[in-house]
Amino acid sequence: MDFAQRLGKLDPRWIWAIVMVIVFASVLAPVSVPVPMDPQTQGAINYINGLPKGSNLFLAPEYSPGSYPELDPQVRVISILAFQHGLHIVIGDSGFALGPQLAEAQVEAAAAFVTGKACTNPGTPQTVCGDLKYGVNWVNVGYKQGNGPTENNMERNFQTATQGVDFYGQPLSGYPLSKDIQGVNSKYFSGLWVEDTGSPGCQEWLANAAIPGNLPLGCGVIIMEGPTHATFYAAGQYKALLVGARGAGAIEEKLKAPGLGLAGQETAMFASILIVIAVIAGNYVYFKTKGKKAA
Amino acid sequence: MLAPQWLAATAPRWGIFHPGAAGAFISLLIFAIIVYAMIQMARAGRPMRTIHALPGLDAMDEAIGRATEMGRPTIFVMGIGDVTDQMTITSYPVLAHVASQCARYDTRLINPNRQPLVYAVNEAIIQESYLEAGRPDAFNPEDVRFLTDDQFGFAGGVMSIMEHEKPAATILYGDFFAESMLMVEMGGMIDTVEIGATANTAQIPFFMAGCDYTLIAEEMYAASAYISKEPVLVGTIVGEDIFKFLMVAVIVIGTIWASTGGKVGFATFFKM
Amino acid sequence: MLITALAGLVVVVGEYFQFAQNMNVLTTFNTWFQVAQTVAFPIGLISLFLVHGANVQRKRQRWVLSLLLIVVTSIYLVVSLITGPRAGTAMDWVYQGYISPAGSTLYGIIAFVITSCTFRTFRFRSREATVLVVAALFILIAQSPLGGLLWSKWGTIGDWIVLVPSNAASRAIVLGAYLGGFATAIRVLLGIERAHIGGMAK
């Protein structure tokens, strides 16, 4: 058996072992790589900076812990941009039970970064991060089950749809930020940002809240969903599209706020190189053994 | 400023329809009328066009035959969608057909599920199929099982079943997300014929790359018509195609209109 | 079939008409569905216990793992019912400490399987396959920092490939898929499609 035939019969676990070596090497000896900004990611920054200062942004973190490596960094950078621009954030979703909890941790991290002060009492209604505090600068209404109809209800009657309480069971009427909000629409919010990992996600919020509520929608997605959502972005239905940890990494680099987005980029780069090598090797095997089979 | 431009493009608000829904409802009505007309024509005995060959569906019977010869089971995974998911609903006739074939050939059929309601429906479908094939004794309720509703837990469970049971035929038919790649590659590591079908555009490339046969989007919706060859069902596919031509016409007109700086009126219909 | 048709009609009316939105028809309907789904959960749990209980009883292959599953599921179920899904509870501790990382780990395994899949399947078999593989590699490099390091325009061209030609194909597929879904829905509503209630299509 020649080299090409032996390579063709390679146990896939050897390939996995090489990937593992690359991942461990880049974790143990990280190399900083620049992540250039692309027009689409710049569009996400322009989206947040284009919203009126002091207005409210609704953040819908429709993702589960499985997607947190890609979407947590996105929530963090969007929150940093929002706080730097003077926006207030209301967190809530209707598809994934753990999304708001994951997102609030990132919003708190963003608040700590923007103010330069660590948060006291994190994960509670008494959280204070320097000048930014829960109830004034952000509120977490939590997961309200029901998917599309609940999103539609939030657009028309926010207090009823959320049962008037936040994630911690406290009345929304007790917070300066949320007490007067009656709907997720252009009367009370200037923007809607959705983090999407599949379904329900950006498309449902677009149909149920953004269009009837006349809100510009920005969408953050995992890298696998990027091409799917590109159709809506190209058509102008989404006003911004942020794709994967790479998009978040590019913004982290621009804001000089390194985090999980940037952390995995050199691993992604070396893994990409490995995949290119794998394709070349696979085709070497194919063309070498194809001739032998034909013979 | 971005916000004022978007607010300026507000569509007119109608009191009858939900904002943004009027155009969609009218389109739906037109589609329903066309499909209904085709159904009535089929019932009246008018000849209907045939659906072109779908290798993925043709291969199912061969794959089940292969499993029978090798004495190994067939596994049917219906994705992770819930019972209201279109792709799940469209998978039911295919599951019924596969179960019927497995009953006929006395091949074991394993059906792991992520959703409890889907599991309940699938168990009933498979049991009914075995009954109709005259083999109620061959139905093993333990082969239709609920694993977990966690997405990747389910993928891990399916991979474990595939590794230990070593099915000779693997049918992945339904709504899949990121976990599909894990199942496809697991199938690539065991000697199995893989048939993949989904309408989720993000997962179609993985199925195309890893599966032996793939059904893309509307091909999976045509399955029940293709398998049964019922004129009424084929009529609905014909109605679908007619509406598709209408949509292409609208797209062409809209493109020309948008490219030549047309007036607001045309676009407003679609934003109603 | 009548129930299916009526339910479908209610959903259509609730989705499109303002008066039904004002009456919260869909919200009520959705709540009923959530309740039905929740009630169905024990069905899945019973199936799990039956299958794995049989494994343990008959001492089949890997019965120890089945026993472990039954024990862990039972303990977690009882703990969750007692403490509830609040932050800081035992249920939350198990979820954050084990279930969440396990899900993320399996998601991470995709990177490994994609690499082995590309070695196994990405071939320049034909002209179309060549275009596909070259475009895929281009986008892959564009999505990583490597693209920007090699050439400043890589990301822009990558964005163009995704937003223009890939988009066109994607739209065509999505259009067909949703029309297929509509047709399936109409078949179910009219009672032509009956596999879900135990009969092949008539």
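# Notebook: chains A, B and C

**Asn55(C).** I began with one residue: leaving aside residues up to four places away in sequence, Asn55(C) touches Arg60(C), Trp63(C) and Ser66(C). For a contact I asked that the C-beta atoms of two residues, placed from the backbone, lie within 7 Å. This is a predicted model, where local features need pLDDT of at least 70, side-chain atom pairs count only at pLDDT 80 or more, and totals for chains, interfaces and linings use all residues. Residues are numbered from 1 along each chain as its sequence is written, while chains are lettered from A and ligands numbered from 1 in the order in which they are written.

Is Asn55(C) buried or exposed? Asn55(C) counts as buried because it has 20 C-beta neighbours inside 10 Å. My cut-offs here: buried takes 20 or more other C-beta atoms within 10 Å of the residue's own, exposed takes 12 or fewer, partly exposed lies in between, and C-beta atoms are placed from the backbone. I found Asn55(C) in helix H3 of chain C. I also checked Ser104(C): from Asn55(C) it is 49 residues away in sequence and 29 Å away in space, C-alpha to C-alpha.

**Chain C as a whole.** I counted nine helices and zero strands in chain C. Helices (H or I, at least four residues) and strands (E, at least two) are DSSP runs, numbered from the N terminus. The radius of gyration of chain C is 25 Å, whereas a compact globule of 202 residues would have one near 17 Å. That radius is taken over C-alpha atoms, and the globule rule is 2.2 Å times the number of residues to the power 0.38. Taken along the principal axes, the C-alpha atoms of chain C fill a box of roughly 60 × 50 × 40 Å. Of the 202 residues in chain C, 33% are buried. I then took the contacts in chain C between residues at least 6 apart in sequence: 12% of them join residues at least 24 apart.

**Chain B as a whole.** Here I counted 12 helices and six strands. The C-alpha trace of chain B spans about 65 × 55 × 35 Å along its principal axes. Buried residues come to 54% of the 272 in chain B. With the contacts in chain B again limited to residues at least 6 apart in sequence, 73% join residues at least 24 apart. The domain assignment, which is automatic or from a database, gives chain B a domain 1 (25-40 + 230-253) and a domain 2 (55-221). The C-alpha centres of these two domains of chain B lie 30 Å apart.

**Where chain C meets chain B.** I found 50 residues of chain C in contact with 57 residues of chain B. Which helix gives the most to the side of chain C that touches chain B? H9(C) does, with 16 residues. By class, that side of chain C divides into 31 nonpolar, 15 polar and four charged residues. Ala, Val, Leu, Ile, Met, Phe, Trp, Tyr, Cys and Pro count as nonpolar, Asp, Glu, Lys and Arg as charged, and the others, Gly among them, as polar.

I looked at one helix pair across this contact. Helix H5 (residues 116-132) of chain B packs on helix H3 (residues 25-57) of chain C at an angle of about 65°, with axes 7 Å apart. Axes are lines fitted to C-alpha atoms, for helices over the stretch in contact, and angles run from 0 to 180 degrees between N-to-C directions. From H5(B) come Pro116(B), Leu117(B), Tyr119(B) and Ala120(B), which meet residues of H3(C) including Phe41(C), Ile43(C) and Gly44(C). The contact of H5(B) with H3(C) has seven nonpolar, three polar and no charged residues.

**Where chain A meets chain C.** This contact takes 47 residues from chain A and 42 residues from chain C. On the chain A side, the largest share, 15 residues, comes from H12(A). The side of chain A that touches chain C has 28 nonpolar, 17 polar and two charged residues.

**Inside chain A.** The domain assignment gives domain 1 (39-263) and domain 2 (264-295), and 40 Å separate their centres, taken over C-alpha atoms. Last, I noted that the axes of H4(A) and H10(A) come within 8 Å and cross at roughly 35°. By class, the contact of H4(A) with H10(A) has eight nonpolar, three polar and two charged residues.
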